[in-house]
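Reader: I would like to learn how to read a fold from its strands, helices and charged pairs. Could you walk me through one?

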Amino acid sequence: MTSQHAQFLATHTVADVLEQKKQDHDLIDIQVTATVEKVFETLLANDILSVPVYRKFNNRKDYVAIIDAFDLLSSLEEQGLSSASATGLNTEFLSMPVAILVGMTKGSSKLWTCQPSLSLTQLIELFTKHRVHRILVLEDIPVRTDQADSEENTAMELAQQARKPSAGRLVSQTDVIRYLLEHNHELGSILDISADGIAGHALTYAEEYLDEATASKLKRTPVSITIQNRLDFLMTGLDSDGSLVAEMSAADLRGINPNRIQDLHRPVLVYLKTCQGSLKRPLSCRVKFSLGQLMSGVVLNHAHRSWLVDDEDRPVGCITLSDILAVFLG
């Protein structure tokens with residue numbers, strides 16, 4: 001017998017999620033010739049975490065990748081941020097075209113697209129099994145050929161490009177979780193699952209794409225630092241007692257420019273106060289929290305993760321949006 005949540009996912013689509021999202025602006029995107037600094041500025045100015053990159057082809061937008069905050073972090077590491085003395089960090093790359101970021105990470109190496117008719121079951125499988133966070137939704141997805149040299153195939157590709165719309169929409173993990181939360185009365189008992197079995201759940205479905213060492217590393221207790229440490233990313237900040245006081249991720253890089261590059265050498269809390277104005281307490285949960293409570297927490301707090309803490313408020317695990325979605329597949 002099909003479970004209630006499985007039936008719901010199979011009979012609802014990406015189009016349903018986008019309809020509820022009711023986006024009142026065009027897709028924010030950026031041309032491949034724009035500078036890396038422009039990407040930093042675009043993410044910050046629009047309060048977004050990723051942006052599709054396109055090239056002009058036959059007076060159309062041909063999307064080639066989705067660049068996110070993690071790609072920006074990877075670019076900084078490539079330029080020397082992770083060295084013992086980051087004073088030699090090369091900032092010239094900020095004036096280079098965004099094309100240098102494409103392929104910097106696994107996420108930017110392939111453009112994931114789907115059609116509005118895709119079921120939520122299939123969409124969640126893409127999110128979890130391929131570790132994708134955002135997918136570009138297009139009405140018509142052209143099928144490219146490997147034999148582009150022949151006149152016939154070239155003509156076919158041009159025709160397909162002509163049918164391809166100049167703009168699409170992004171659907172994210174947050175969009176899906178918000179949609180599911182709005183329809184929680186249709187999902188059944190799955191929302192009663194406790195938080196202690198959710199942390200790291202997405203790795204169950206991603207293991208075939210990860211080597212054993214990487215999978216093992218991701219399943220460990222979250223990386224953490226004390227409040228005196230210098231900057232690092234996607235970790236918790238702890239006070240002297242090991243309690244959770246702050247959170248930092250690649251998203252906090254948005255807005256970096258040549259004048260602000262030295263801010264990256266400041267202690268973590270100083271940097272966070274500089275870019276956020278004030279310290280924001282990270283979203284946390286305890287083992288007895290339910291899946292429904294977790295979903296409500298991340299949506300209401302506009303969070304992308306919840307830190308699983310013990311009775312003394314020390315982080316013992318991290319529950320990501322991928323983990324939450326993966327529960328609906330099992």
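Reader: Let me begin with strand β5: which residues lie on one side and which on the other, and are they buried or exposed?

Author: Happy to start there, and please keep in mind that this is a predicted model. Strand β5 spans residues 134-137, with Arg134 and Leu136 on one side and Ile135 and Val137 on the other. All four are buried, which leaves both faces of the strand covered.

Reader: Which strands pair with β5, and in what sense?

Author: The general idea first: strands of a sheet pair through backbone hydrogen bonds, either parallel or antiparallel. Here β5 shows both senses. With strand β4 (residues 113-114) the pairing is parallel, over two bridges, and Thr113 has Leu136 as its bridge partner. With strand β6 (residues 169-172) the pairing is antiparallel, over four bridges, and Ile135 stands opposite Val171.

Reader: Which residues have the most contacts inside the largest nonpolar core?

Author: As a general idea, nonpolar side chains tend to be buried together in soluble globular proteins. The largest nonpolar core here counts 42 residues, and the ones with the most contacts inside it are Leu123, Ile135, Val171, Leu180, Leu291, Met295 and Phe328. Elements that give two or more residues to this core are α1, α2, α6, β5, α8, α12 and α13. There is also a second, separate core of 30 residues, which includes Ile48, Leu72, Leu253 and Leu269.

Reader: Let me look at one of those residues. What is Val171 in contact with, beyond its neighbours within four places in sequence?

Author: The contacts of Val171 include Ile135, Arg134 and Val137 from β5. Among the others are Val14, Val17, Leu18, Leu123, Phe127 and Val176.

Reader: On to electrostatics, then. How many salt bridges does a search of the whole structure find?

Author: The idea behind the search is that side chains of opposite charge can pair when their charged atoms come close. The search finds 10 salt bridges. One of them joins the side chains of Asp68 and Arg134, at 4.0 Å from N to O. Asp68 lies in strand β3 and Arg134 in strand β5, so this pair ties together parts that are 66 residues apart in sequence. Both Asp68 and Arg134 are buried.

Reader: Which residue meets Glu247 in a salt bridge?

Author: That is Arg305, with 3.5 Å from N to O. Glu247 belongs to strand β9 and Arg305 to strand β11, so the pair ties together parts 58 residues apart in sequence. Arg305 has 14% relative accessibility, so this residue counts as buried.

Reader: What about Asp313 and Arg281: how far apart are their closest N and O atoms, and is each residue buried or partly exposed?

Author: Their closest N and O atoms are 2.6 Å apart, and the two form a salt bridge. Asp313 is buried, with a relative accessible area of 17%, whereas Arg281 is partly exposed at 49%. Separately, Lys21, Asp175 and Arg178 are linked in a network of salt bridges.

Reader: Last one: in what order do the strands of the open sheet of three strands come?

Author: The order is β10-β11-β12, with mixed pairing. β10 and β12 stand at the edges with a single partner strand each, so one side of each is left without a neighbour in the sheet. β10 and β11 run parallel and are joined by two bridges, with Ser284 opposite Trp307.

Key. Residues numbered from 1 in each chain as written. Predicted model: local features only at pLDDT ≥ 70, side-chain atom pairs only at ≥ 80, totals over all residues. Heavy atoms only, no water. Buried < 20%, exposed > 50% of the residue type's maximum accessible area, 1.4 Å probe, protein only. Pairing = 2+ DSSP bridges. Core = buried A, V, L, I, M, F, W, Y, C linked by side-chain atoms within 4.5 Å. Contact = heavy atoms within 4.5 Å.
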